[in-house]
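User: Hi! I have a structure open on my screen and would like to talk it through with you. Could you help me find my way around?
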Amino acid sequence: MSILSNCEIKCSCGETFEAEVWKAVNIFDDPDLKEVILSGRFNTVECPHCKKVFYHEHFFMYQDLKNELIAYVYPKKDQEFATSLRKKMLSDFNSLSKEIEDFAEIDFEPILSEKDKVQPKLSEINKEELI
């Protein structure tokens, strides 16, 4: 299931506003979101005050079970916490695997990455699907 929700965002001009951003993306449910991510339009917002359009960087989960990819994508500012984020991700994933029937059938590990590092992986999958 893909999840779109309101988030409080602060623009570099100082304005704080609410906008809808994706917190989870499931390509089976919403295949067009893959292209939105690859195009760079994913989670872009416009400041109502200065009209600046920018990417709102925050944690989101990407699921493409057909291609055996589950990615927990974190903001660049959290790079220093990557090790602890990975431990939490694996712990949460293992808990879900035991509790949710669909997760129990997954026989691959999720990945933890920054958005800029996930985009090449998605492009690679895109090329393979076109062959």
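User: Which residue in E6 does Tyr62 stand opposite?
Analyst: Tyr62 stands opposite Ala71 in E6. A word on the ground rules: this is a predicted model, where local features need pLDDT of at least 70 and side-chain atom pairs count only at pLDDT 80 or more, while totals for chains, interfaces and linings use all residues. Residues are numbered from 1 along each chain as its sequence is written, and side-chain values use heavy atoms, with hydrogens and water left out.

User: Thanks! How many bridges join E5 to E6, and which way do they run?
Analyst: There are 5 bridges between E5 and E6, and the two run antiparallel. Two strands pair if DSSP finds at least two bridges between them. The strands (E, at least two residues) and helices (H or I, at least four) are DSSP runs, numbered from the N terminus. E5 and E6 make a hairpin with 4 residues between the strands, and Glu68 there takes a positive phi near 50°.

User: What about E6 itself, is it buried or exposed?
Analyst: It is mostly covered, as 6 of its 6 residues are buried. Buried means under 20% relative accessible area, exposed is over 50%, and partly exposed is in between, using a 1.4 Å probe and protein chains only. Leu69, Ala71 and Val73 point one way from E6, while Ile70, Tyr72 and Tyr74 point the other way.

User: Which residues touch the most other members of the largest nonpolar core?
Analyst: Those are Val25, Ile37, Phe42 and Tyr62, in a core of 15 residues. E2 (16–26), H1 (32–39), E5 (60–64), E6 (69–74) and H4 (115–130) each supply at least two residues of this core. By nonpolar core I mean a set of buried Ala, Val, Leu, Ile, Met, Phe, Trp, Tyr and Cys residues joined through side-chain atoms within 4.5 Å. Another core, of 9 residues, lies apart from it and includes Ile9, Phe17, Val21 and Val45.

User: OK, helix time. Which residues of H1 are buried?
Analyst: Leu33, Lys34, Val36 and Ile37. They sit on the same side of H1, because they cover an arc of only 160° around the axis; the arc is taken from the directions from the helix axis to the C-beta atoms. After H1 comes Gly40, with a positive phi near 90°.

User: Back at the other end, how do E1 and E2 pair up?
Analyst: Strand E1 (residues 3–10) is joined to E2 by 8 bridges, and they run antiparallel. Cys7 stands opposite Ala19 in E2. The two form a hairpin with 5 residues between them, and Gly14 in the turn has a positive phi of about 105°.

User: I like rings. How many aromatic pairs does the structure hold?
Analyst: It holds 3. In one of them, the ring centres of Phe42 and Phe60 are 4.7 Å apart with planes at 50°, so the pair is tilted. Phe42 is in the loop between H1 and E3 (44–46) and Phe60 is in E5, so the pair ties together parts 18 residues apart in sequence. Rings of Phe, Tyr and Trp (its six-membered ring) pair if their centres lie within 6.5 Å; planes under 30 degrees apart count as stacked, over 60 as edge-to-face and the rest as tilted.

User: Last one: where is Val53, and what does it touch?
Analyst: Val53 is in strand E4 (residues 53–55). Leaving out residues up to four places away in sequence, Val53 touches Thr44, Val45 and Glu46, where contact means heavy atoms within 4.5 Å. Val53 is exposed, with a relative accessible area of 55%.
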